[in-house]
Amino acid sequence: MSAAAILLPRIASTRRRWLRRYGLATLGGAIVLAWVLAALLAPWVLPHDPTFVNVANRLKPPSATHWFGTDALGRDVLARVVYGARVSLSVGMVVVLIGALFGTLLGAIAAYARGWAEEALMRATDLVFCFPPIILAMAIAAALGIGTVNTVIAMLVVWWPKFARLARSLVITQRSLEYVEAAQSVGYGPAHILLRQIMPNAVGPLIVLVTLDLGQAILVFAGLSFLGLGVVPPTPEWGAMVAEGRELVQQWWVATFPGLAILTVVMGFNFVGDGIRDWLDPHARTR
Amino acid sequence: MIRYVISRLVTAVVMVLLATLVVFLIANTVPGDPAMAALGDMQASDPVQVREFRAKWGLDLPLWEQYWMFLQRLAQGDLGISIASRRPVLDDIIDYAPATLELATIAFLLSLVIGLPLGIIAAVRRDSWIDHSARFISLVGVSAPTFWLAFIVLAIFYGWLDWAPGPGRLDPIAFPPERITGLLLIDTALIGDWETFHDALAHLVLPSIVLAASTLGLITRTTRAAMLDALNQDYVRVARAKGLLARVVVTGHALPNAMLPVVTLGGLAYANLLTGAVMTETVFSWPGLGRYTFRSAVAVDFPAIMAITAIVAAIFVLVNFLVDMSYAMLDPRVVKK
């Protein structure tokens, strides 16, 4: 921040300023929207079937008929990538939304109740934090067997604590404020105070975390599938597709495009999450 | 202060034990049976052989007894015998750990060396092109799947351009040095084998870049956010008003206050790297802890899984502990109550 930036008035137009701050977030939102649409409209828009095996056509490079080429079994990579979006997006949403709901509720209640409930919650989350998510998810998935549902369960176990922690810290900030005391003295029950008074003030950072975590969940699930623990073949899934194409350095398209799909989706969610965070940040507003 | 340290240590030990208990319980509700997994098909169909196997490995004892035996051995430093490799787990881990330690440390240093300055400059010159490119790079690093990045990097720099060597720690024809620490760079330097040193270093380049990518993103973002916070504070305004050099204000006043969240997340990131990056190690055929963990999980190798869990939990707890201690150094307000 040079002296000029502080002293001179901001001459940039309001629109340009909005673009500079929220341009990336809009781009991210557009990317996510595009993928959601693609996933929903897949069966109608795609020319090829993702599971149609045609070994005579295997490992063909990208062409006019197969925009992303074909894989080792002759399946159209573009179709598999778009269908993979359905799996990844739904898994991401299920894991994050359920984990967020469960974790937030737990964390908020524990923080409001205080005492041993809060301590117990902290120790429980500490315990889960001891494990890097991939290792714990791996252990559980290996225990329950591979398959989408089991992997989702494994991910849920590791996903709720961070929301619980965040919700707890947010409720702690709020619970000693005067409006809470006022509500209590008027006679509102704890459930009402928590849900209708405290949570609306605390919900901002939680939304940021949910958005960012949607991308993270997709990454983790793709990683587990890459290791062989996620989906069961022949379900198209981005991580599994990269695993299939791992050895095929010459046939780069088999592994590259699914990975690019993951990259763009996660970047989209990250942009949106950052944008929401900037929007909520009181410091940023005053500049 | 001493009381604080001791109470944290006790909590840490309890955490580690609880972690092993949790994994022990999970591993024992597993449908997969280590006996079936280790014996061949023919042997597994013979109930007598299966029973003998289970008796030999103590698998027929009640759960709490198995756990108690595990704890006793742990107290003596014995991590048990791996069902899959028939060697003491400790030996297995000593074999695999240095590879991960070397890779993780170099990747972490790389991300620090690039990420810290990048984050600082991005904060100081906010909304400039440097800021935007730094944010973009860090976002890509955080969003790209590690296993995919590893493949891309390998395909481009090894498969296509042939600038870097292939997977593995050394060339297949290279002669590994005598094992002193297990860390190739140190071992080869100690005996003066510079050719192998060069080879090991070359093999380290690609995997460290891949591992560093996501950590770099994290460090840059955290540093930038923390620096922005610090630069907005009143004391910075005072320092500028006093006429101090910009460099002094940034590095001497703002930076130390911004370091707290960076140290926290950086510590966590290092611990994550240490506990073995399974993806990168798989793609680069790196014989490290990550792959060992994965293989043990798939083979339902109880002793190995328990031992690895204990170690992973211990590493995380240790790193958290060190981070907490560093708070006291970085921010004197933490110590004064």
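Good morning. Residues are numbered from 1 along each chain as its sequence is written, and chains are lettered from A and ligands numbered from 1 in the order in which they are written.

I continue with confidence. Chain A averages a pLDDT of 83, with 90% of its residues scoring at least 70. For chain B the average is 80, and 89% of the residues score at least 70. Within chain B, helix 2 (residues 34-38) has the lowest confidence, at a mean of 61, and helix 6 (residues 89-124) the highest, at 88. For the complex, the predictor gives an ipTM of 0.80 and a pTM of 0.81. Where pLDDT is low, the predicted coordinates should not be read in detail.

Let me turn to chain B as a whole. Chain B contains 15 helices and zero strands. Of its 337 residues, 41% count as buried. A residue is buried if 20 or more other C-beta atoms lie within 10 Å of its own, exposed if 12 or fewer, and partly exposed in between, the C-beta atoms being placed from the backbone. Of the contacts in chain B with a separation of 6 or more, 72% join residues 24 or more positions apart; a contact means that the C-beta atoms, placed from the backbone, lie within 7 Å.

Which residues touch the most other members of the largest nonpolar core? They are M155(A) and A150(B), in a core of 163 residues. Helix 3 of chain A (residues 77-113) supplies the largest share of this core, 18 residues. Such a core is a set of buried Ala, Val, Leu, Ile, Met, Phe, Trp, Tyr and Cys residues joined through C-beta atoms within 7 Å. Leaving aside residues up to four places away in sequence, A150(B) touches V210(B), M279(B), T280(B), V283(B) and F284(B).

Next, helix 10 of chain A. With 28 residues, this helix reaches 40 Å from its first C-alpha to its last, close to the 40 Å expected at 1.5 Å a residue; the expected span is 1.5 Å times one less than the number of residues. Helix 10 of chain A is mostly covered, as 21 of its 28 residues are buried. W279(A) lies in this helix, residues 253-280. Is W279(A) buried or partly exposed? W279(A) is partly exposed, because 14 other C-beta atoms lie within 10 Å. Y22(A) is 257 residues from W279(A) in sequence, yet their C-alpha atoms are 8.3 Å apart.

Finally, two backbone angles. Most residues other than glycine have a negative phi. L59(A), which is not a glycine, has a positive phi of about 55 degrees, and its place is in the loop between helix 2 (14-45) and helix 3 of chain A. S285(B) also has a positive phi, near 50 degrees. S285(B) sits in the loop between helix 13 (278-283) and helix 14 (289-298) of chain B, and it counts as exposed because it has 12 C-beta neighbours inside 10 Å. Thank you.

Notes. This is a predicted model: local features need pLDDT of at least 70, side-chain atom pairs count only at pLDDT 80 or more; totals for chains, interfaces and linings use all residues. Helices (H or I, at least four residues) and strands (E, at least two) are DSSP runs, numbered from the N terminus. Two residues are in contact if their C-beta atoms, placed from the backbone, lie within 7 Å. pLDDT is the predictor's confidence in each residue, from 0 to 100.
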